[in-house]
Amino acid sequence: MRAERPLDARATPAGSRRPGRGFKPLGEIPASLYTTYAAAGFLGLVAVWSLLTSTRAVDPLFLPSPAEILRRGWELFRDMGFGADVAATVLRVFLGFAAASAVALPLGILMGVYRPIEALVEPLVSFARYMPASAFIPLLILWVGVGEAEKVAVIFLGSVFSLVLMVAVHIRQAQRELVEAAYTLGASDAFVVRHVILPNAWPAIYDTLRLVLGWAWTYIIVAELVAADSGIGHVILQSQRMLNTGNIIFGILVIGVIGLVSDLVMKAAGRALFAWRG
Amino acid sequence: MDVQIENVAKTFVSRRGTVEALAPVSLDVPAGSFVTILGPSGCGKSTLLRIVAGLEEASQGVVRVGGREVCGPGADRGMVFQAYSLFPWLTVRENIEFGLRAKGVPPRERRAISDEYLRQIGLEAFADRYPKELSGGMKQRVAIARALANDPQVLLLDEPFGALDAQTRAIMQEHVLGVWEKYHKTILFVTHDIEEAVFMADAVVVMTKRPGRIREVVPVDLPRPRDYHARFTPEFTALKERLTEIIREELTA
């Protein structure tokens, strides 16, 4: 081994084999190493957590061990019908988010393309954006009751305003040169909107949808904490009343896993959809 | 088609004041001729080209193309930009077909035309690639093909090779000359490169510092067709020297 070292060092480009590789500012690391680090992060968390609980450094009433959490989770699914709660929550997030997108996409696009529409809508939306969606929950309960419509409405209110503004910004970021090139090729205004401004903005809009979908998850839990008879938030609140910390933590973890998986799926889909991106 | 520029001037008005970019300029470009516009940076030569393209409105004066007054961009005047400005979400072929699609040309006909121009620029093998996979020279060839596929009467090129290395630039210059000889377009070509201006042109229009005016129109009588050998002739050197003197005078005046 020792004899091979100098040879090895000569064969690789300077710097790449030094200890602490990848720690050059803005440096790159191989994908396999990236995965290793990512796994190490999760494992490290579980290790610290196990250490804290197995040494009884914290009261298991407040923080059960990872194994206990998994056991609780299994029981939740097996005995308490947790699967239906997860499905209910996912459906609410999906419906609220779909409704918000259905309003925000056309409105944001129109705002971005046409200045007069921006002038008409932008100040209103900017104003509405700062009103916290959770503050509307009491009002929504009065208006539409404590059923599904209220949950979906919270998601809708929580995401729609930001979405409109961000879509408009992405539309506005159309490169002037591309628009000009299209005009010199004889394109009409409508053709420029449809074939230059929109395709140019889709990737950024898609990334925004991904981001806002993450926010939608935070709103749904708030909505389910207040008035619900199903859903992950409902289970978390019930568990709190019974000091069932294991269930609370498992519920939170499930949300994290769903979020991570949906984000990975959307990322992969985005890469496939926008293969032309540099 | 010929291009007539009549007393065209441009003043930019901003909050910080007004900038006179272009003093009144008049120029007649006969149909089918190759004219280069040469001048120091910021002399308004790109502004003049953009006014001909219809991308910028003149503060005064008119531009006529084939006798018709210009009042906005149109398919009769193709433009090639320095930054290539290919549509990154379209393949090479789709980029070339963009203008045809805007015009509503049916797909089969579009394909025949894009085939022709792909062959012309030697990028048949790259028809289905995205611009990100092309080198600078290849991108600019696609941009030229995209403009030509529309069959414009006039081709406007705004420092098209400014971002290319010297060797690629020389090859692209011959490429554009080949295109011009084959398709007989009227070409207005903006550059700040003296050698490029001489090599390409029937006439070099030299502009002054801002506000840009036409200082002199220098005819170039080098024989055609031209290739790189033309650069090594005494006539070429003499023209280059003369233009260098004019530009130096302009910069130090």
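How many other C-beta atoms lie within 10 Å of B:Ser59, and is this residue buried, partly exposed or exposed? The count is 17, so B:Ser59 comes out as partly exposed. For reference, buried takes 20 or more other C-beta atoms within 10 Å of a residue's own, exposed takes 12 or fewer, and partly exposed is what falls in between, with C-beta atoms placed from the backbone.

Before going on, some ground rules. This is a predicted model, where local features need pLDDT of at least 70 and side-chain atom pairs count only at pLDDT 80 or more, while totals for chains, interfaces and linings use all residues. Residues are numbered from 1 along each chain as its sequence is written, and chains are lettered from A and ligands numbered from 1 in the order in which they are written.

**Around B:Ser59**

B:Ser59 sits in the loop between helix H1 (45–53) and strand S4 (60–65) of chain B. Helices (H or I, at least four residues) and strands (E, at least two) are DSSP runs, numbered from the N terminus. Setting aside neighbours within four places in sequence, B:Ser59 is in contact with B:Ala9, B:Lys10 and B:Thr11; contact here means C-beta atoms, placed from the backbone, within 7 Å. There's also B:Phe12, which is 47 residues away from B:Ser59 in sequence but 8.5 Å away in space, C-alpha to C-alpha.

**Strand S9 of chain B**

Now for S9(B), residues 203–207, where 4 of the 5 residues are buried. S9(B) pairs with S3(B), residues 34–38, in the parallel sense over 4 bridges, and B:Val35 has B:Ala203 as its bridge partner there. Pairing needs at least two DSSP bridges between the strands. S9(B) is also joined to S10(B), residues 214–219, by 5 bridges, this time antiparallel. B:Met207 and B:Ile214 are bridge partners in that pair, and a hairpin of 6 residues leads from S9(B) to S10(B). In a regular strand, side chains alternate between the two faces of the sheet.

**The two chains**

Here are the chain-level numbers.

| Property | Chain A | Chain B |
|---|---|---|
| Helices and strands | 11 helices, 0 strands | 8 helices, 10 strands |
| C-alpha box along principal axes | roughly 75 × 70 × 30 Å | about 55 × 45 × 35 Å |
| Buried residues | 32% of 278 residues | 43% of 253 residues |

Chain A has 11 helices and 0 strands. Its radius of gyration is 25 Å, well over the 19 Å from the globule rule for 278 residues, so chain A is more spread out than a compact globule. The radius is taken over C-alpha atoms, and the rule is 2.2 Å times the number of residues to the power 0.38.

**A helix pair in chain A**

H9(A), residues 189–226, packs on H10(A), residues 232–241, at about 55°, with the axes 7 Å apart. Axes are lines fitted to C-alpha atoms, for helices over the stretch in contact, and angles run from 0 to 180 degrees between N-to-C directions. That angle makes H9(A) oblique to H10(A): under 35 degrees would be roughly parallel, over 145 roughly antiparallel, 65 to 115 roughly perpendicular, and the rest is oblique. Residues making the contact include A:Ile220 and A:Leu225 of H9(A) and A:Ile232 and A:Leu237 of H10(A).

Methods. Two residues are in contact if their C-beta atoms, placed from the backbone, lie within 7 Å.
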